Amino acid sequence: MSALRRRLVPILLCAWLLAASAGVWAADGADEASQTRACVFPAVDLSPSGEYEEYRHILTDLLKTELGNAGFLVLADESWQPAGRRRGFKDADLLSGENLLAVAEEAQADLAVSGFFRLESRQVVLEIKCYDVKARAFVTGVLKTGRPNLSLYNLIDTAVREMLPEIRLIGKAPAVPEPPSAKEITLLSPDEGMEVSLAGAKRLGAISEGKLILPPIPFPIGSRITVEKKKEGFHLSRESLLVKEPVQQFKLRPLRRKTKTATELNWTVGQLAGFGLAQRYYLNPDIMYLAGEHYFYLQSNFAGDHPVLHNDIKALFGGYLFSGPDSALRLNLSTGAGFILTYFSVPGQGAYVDFYLNIVNVSFELNLRRWALFWRGEAKYALGIGKSLLSRGWLNMAGGLPPMTVGFMWKW
Amino acid sequence: MAEHGWRASANDGWVHVEMVRRLFPSAVFGAISLLSSCGLFTASLFPSYLSQVEASAELSEPIDALLNGRTNRLWTDLFVLRDTAGKEFPALLLFIEYSPDRSLYIMDSQFQPKILTYNGLDSLHVTDASGDFVVGQIIINSSTLSFKRADSNILGSTHGFSDGANNYLLWIDGALPDQLQCKVFLPGWTTSGSFSALWGSSSVELKKVYYDPARTGQEVILVLWDWGANQAVLAFTPAADYALFALPTILISFPSVRIGNVKPEPLHYTRKGIMAHDYEGNTVLYDFDGVTVKGKLRSDYRKETQEGYDLEGDYFFLYNVEDRILYKGKTGW
């Protein structure tokens with residue numbers, strides 16, 4: 001009688017505990033498809049006497065309950081038992097990781113759990129091991145001791161809690177925090193009708209009424225996006241935008257109009273009693289051009305003398321190097337030829353013509369949107385042919401300096 | 001120049017009218033000329049004298065005729081002849097290397113050349129006591145600019161002057177020490193006498209001789225180059241001493257002016273000052289203290305040129321050797 005009482009109490013207690021757990025081995029409301037499938041093999045009694053069979057079921061069921069409460073989908077025994085029987089495995093064989101993984105794999109489980117207990121001298125020693133079935137690897141395990149009474153529940157609860165952080169990762173990729181991304185990006189531009197695309201590939205839209213709200217592309221905050229801006233009659237332009245906030249506006253740089261022609265007004269040092277007018281025609285807008293120039297100036301030494309009139313007429317071919325139409329400073333080289341027609345204000349002196357080669361002009365330009373300021377050094381070589389005033393050789397001003405010209409240019 | 005005024009209008013009453021006349025171009029030129037006094041405006045590619053030119057003469061044709069196809073080098077010498085009335089005539093002497101052929105172009109009042117071609121032409125150029133021009137051994141009528149006669153008595157390669165009474169030819173004898181030799185001639189170029197004078201320096205070279213009757217007591221200006229001191233020297237000597245056939249040591253006895261930092265050629269005396277070329281490419285007008293600069297013009301012409309000046313210093317004459325053009329212009333000084 002006393003032996004029956006000894007065994008009955010824990011049985012009744014565990015039954016009560018099981019009832020309290022409502023036998024739910026899966027988390028309420030959980031989606032089975034997203035749950036980790038757990039295969040819980042029966043706890044094996046390794047006690048010397050083998051008389052605590054009922055603890056085997058108690059412990060196994062407690063383990064299933066705790067795993068179910070933790071969100072795992074505990075597979076029914078029928079899902080793996082056929083595989084074990086086919087292999088001829090007994091419960092104790094399933095303590096082996098290799099055997100356990102073979103059966104759990106066939107049952108399509110993600111997690112395999114096995115354990116054993118040993119009751120001896122009123123002490124329970126409990127070991128539980130967990131395996132990642134797909135990785136075929138041992139993940140974690142616990143070894144607990146306790147009393148064979150109601151504290152068994154706490155023991156199992158504690159053991160599962162200790163294992164949860166690792167076994168919860170089984171079957172799922174580690175959770176990566178989602179970076180914040182842009183919600184709404186607006187581009188502002190004065191270039192009405194300008195087409196905007198993303199790095200030349202994906203068209204984002206066109207500027208309308210001064211703005212374009214981009215499609216909802218989740219650009220990460222902190223990333224740079226490159227937009228390509230295009231409009232007929234303007235140079236293609238790219239601009240890099242730094243996304244700093246979820247809702248952000250960008251004022252785009254205005255496009256540069258393609259220059260087809262330009263007009264220069266210039267002055268040459270030593271010839272400042274006059275001015276030059278030049279007209280450019282661009283073969284390639286803002287890159288390569290042909291130009292014609294007429295510089296008219298008076299030469300006079302003192303009040304009361306008879307100014308001499310010079311007309312410097314030349315044709316040039318030129319282009320820009322190392323800098324695009326957007327650059328603020330540009331280097332321009334040109335070459336050509338011309339002649340200087342000279343006549344006196346005193347009658348009866350005739351006219352003279354000095355032909356020259358304009359070997360190279362080097363010009364530095366401050367390139368603004370519609371106009372440019374420039375400084376130009378000129379290397380001219382007089383041919384000294386015909387009725388001329390200058391002998392053959394380089395044309396230099398007093399002091400040996402080459403001619404230097406400053407001016408500004410209006411772009412059409 | 002613009003003229004402002006009120007004019008009565010038949011329909012609108014009094015109307016302010018601004019009348020701009022043909023003087024506008026001159027006004028523009030005047031304004032620009034004023035601005036042009038700034039160096040930035042005048043540092044031109046072209047010779048600076050161009051705007052001062054008042055007349056020019058192209059001499060290619062007569063020169064080609066003189067050369068007659070020969071490629072011998074042509075030497076030229078530009079000087080100014082002044083008659084007794086003070087009228088001045090620029091003259092260009094041409095002689096062909098390795099040839100006795102010589103030609104003289106005397107520019108008349110229309111700046112057209114009167115051409116004389118005689119073998120006796122040489123570097124000497126004076127107005128003699130008879131009022132004729134003498135160039136080398138050739139005597140030229142100063143009124144008609146025509147050949148009068150040749151006189152072999154004249155030392156054609158010397159320097160000279162006339163005080164109106166006699167003719168004096170001057171040269172350095174090359175002895176040690178150098179002395180100024182002077183041969184005196186009567187009008188008509190018969191020999192009257194000769195004398196010599198010491199310089200007072202051992203390294204001077206006689207470059208030119210000028211006679212300026214306006215410098216009373218200093219009429220004969222000797223333009224020298226002192227090779228030892230590397231300086232130009234102008235010595236002002238009295239014509240009366242030459243008539244006495246005696247000159248004391250020149251650089252000690254008479255006032256002189258020294259100018260440094262100028263080239264040995266060219267050097268010219270004018271009544272405004274002394275014209276010389278500095279080493280910075282300028283023609284400089286020095287005052288008679290030899291230091292004060294009264295004016296400056298660019299003279300680093302790309303083409304070879306020769307220059308001369310009238311006695312007053314109002315006009316320059318410039319011969320462009322390469323283009324064979326002779327210019328007359330105002331110095332502006």
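Author: This is a predicted model. Start with strand E17(B), where both faces are covered: Val220(B), Leu222(B), Leu224(B) and Asp226(B) are buried on one side, and Ile221(B), Val223(B) and Trp225(B) are buried on the other.

Reader: Which strands does E17(B) run antiparallel to?

Author: In general, strands of a sheet pair through backbone hydrogen bonds, either parallel or antiparallel. Here, seven bridges join E17(B) to strand E16 (residues 204-211) of chain B, antiparallel, and seven bridges join E17(B) to strand E18 (residues 231-237) of chain B, also antiparallel. For instance, Lys208(B) has Val223(B) as its bridge partner, while Val220(B) is partnered by Thr237(B) in E18(B).

Reader: How many residues lie between E17(B) and E18(B) in their hairpin?

Author: Four, and in that turn Asn230(B) has a positive phi of about 55°.

Reader: In what order do the three strands of the open sheet in chain A stand?

Author: The order is E10-E7-E13, with mixed pairing. Strands E10 (211-213) and E13 (247-251) of chain A are at the edges with a single partner strand each, so one side of each has no neighbour in the sheet. E7(A) and E13(A) run parallel, joined by five bridges; Leu188(A) has Lys251(A) as its bridge partner there.

Reader: Is helix H2(A) largely enclosed or left open, and why?

Author: H2(A) is largely enclosed by the rest of the structure, because 13 of its 17 residues are buried. Just after H2(A) comes Gly71(A), with a positive phi of about 105°.

Technical notes: Residues are numbered from 1 along each chain as its sequence is written. Chains are lettered from A and ligands numbered from 1 in the order in which they are written. This is a predicted model: local features need pLDDT of at least 70, side-chain atom pairs count only at pLDDT 80 or more; totals for chains, interfaces and linings use all residues. Side-chain values use heavy atoms; hydrogens and water are left out. Buried means under 20% relative accessible area, exposed over 50%, partly exposed in between (1.4 Å probe, protein chains only). Helices (H or I, at least four residues) and strands (E, at least two) are DSSP runs, numbered from the N terminus. Two strands pair if DSSP finds at least two bridges between them.
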